[in-house]
Amino acid sequence: MNIRSLHACSTSVLAAWILASLLGSAEVQAQSAAVALTATPAAVGPITRGGQACGGGEIYHDGSAENGYSGNPSVVTSFQGVMQFTPAAYPATYSSVCVGLVSLGGAALDFQIQVHDDDGAGGTPGTLLGSVPVSVTDLPGGLPCTFYTVDVSSLGLNVASGSVHVGVQWDPSVFPSRFICSDESPATTLRLGHINFNTGDGWQTTETAFPAYRAKLLRAVGGPVSADLGLTKTSDAAGPVTVGSPVTFTLTAENLGPALATSVVVTDTLPAQLAHVSNTCGATVAGNVVTWNIGSLAAATNEICQITATVVGTGDIVNTASIAGAEGDANPANNAASASITAAAPQVPVPGIGVLGILLLAGLVLFAVRRRTSVARLH
Ligand SMILES: [Ca+2]
Ligand SMILES: [Ca+2]
């Protein structure tokens, strides 16, 4: 494909710009240079350059670029190129994005990392969830592609379902001949990508303009969010308790991390031998079910609740509570805790004979002794 053939196509395709047509067969070696930030450092996370700097994350490309895409600098003032990322489980987040870039123009490029929801028509990029401005001044000329890793944790992405579209945006009229690297190796599985220009044509799949497209050299690092919630439970009953006595249970809910836990709820279903009296955490009570809504619980923190109940039945009482949150929990073994007590019926008091009874008994004994004495004298 060359520029002339692009010009013969639709407006959208006219807006597209391809590295290969400019690069020809010459390959320019990347230069070594220091990383520099020149714009909005407060909003821009650490940028690192070189290699495939992103460790882990979702990878859909083969690591080597055969081409690069951008917008035609004489036609458009905005180019967006994104690729679809789908976490393995939910909720999930992405903390950094790794993007491969190449230039046949200058070494500077101001661009944005953008993350769009997949709520556009048919799962296309829709709501812009956030963007992080990035400014680099050390982009080497020509292939191989240079990777930049951008910290996007400030966006606080929370992917609850579906996919997101992650990519770049810049103004080709200001930064012409800069390209997002593309993988056109036939062996690479086609990964859904979109491009968009400020031509009013909306998002189109990348292969519409670039039929050889397989994947962009993008990585999103993150994935399922996990928080190990734990629960412990004790009772203040040192020994057997009697029916009618109060007993207080202390529940400690803990987030062992690594992520913030949200929608945390502790549920304590009291056995039939216990009747709820009060609690210290505003827990709601429905029948014998005590529900303690904690909400968010930061990593390495805990919350405590004391639940007081009256013992209303006898026998061995095992009171179990459980904890759950919205995040994945790889350690379910500590998500429930029990406290056991033994309850006995109160001892029935032995009826006493009282003072009157003692006097009456004493009188009877005295009477019997005197009568016996009288009888003896008669003999
Ligand atoms: Ca490739
Ligand atoms: Ca756990």
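Author: We begin with a definition: two strands pair if DSSP finds at least two bridges between them. Please note that this model is predicted.

Reader: Which residue stands opposite Gln204 in S13?

Author: Strands of a sheet pair through backbone hydrogen bonds, either parallel or antiparallel. Here, Ile195 is the residue facing Gln204 of S13. Strand S12, residues 193-197, and S13 run antiparallel and are joined by two bridges.

Reader: What is the order of the strands in the open sheet of six?

Author: The order is S8-S7-S10-S5-S12-S13, and the pairing is antiparallel. Strand S8 (128-136) and strand S13 (204-205) form the edges, each pairing on one side only.

Reader: How many helices and strands does the chain have?

Author: The chain contains five helices and 25 strands. Of its 379 residues, 36% are buried. Among contacts with a separation of 6 or more, 81% are between residues 24 or more positions apart.

Reader: Let us turn to a single residue. Why is Gly257 classed as partly exposed?

Author: A residue is buried if 20 or more other C-beta atoms lie within 10 Å of its own, and exposed if 12 or fewer do. Gly257 has 15 other C-beta atoms within 10 Å, and is therefore partly exposed. Gly257 belongs to strand S18, residues 246-258.

Reader: Which residues does Gly257 touch, not counting those up to four places away in sequence?

Author: With those left out, Gly257 touches Ala227, Asp228, Ala299 and Ala300. The C-alpha atoms of Gly257 and Val225 are 9.8 Å apart, and these two residues are 32 residues apart along the chain.

Conventions
Residues are numbered from 1 along each chain as its sequence is written. Chains are lettered from A and ligands numbered from 1 in the order in which they are written. This is a predicted model: local features need pLDDT of at least 70, side-chain atom pairs count only at pLDDT 80 or more; totals for chains, interfaces and linings use all residues. Helices (H or I, at least four residues) and strands (E, at least two) are DSSP runs, numbered from the N terminus. Two residues are in contact if their C-beta atoms, placed from the backbone, lie within 7 Å.
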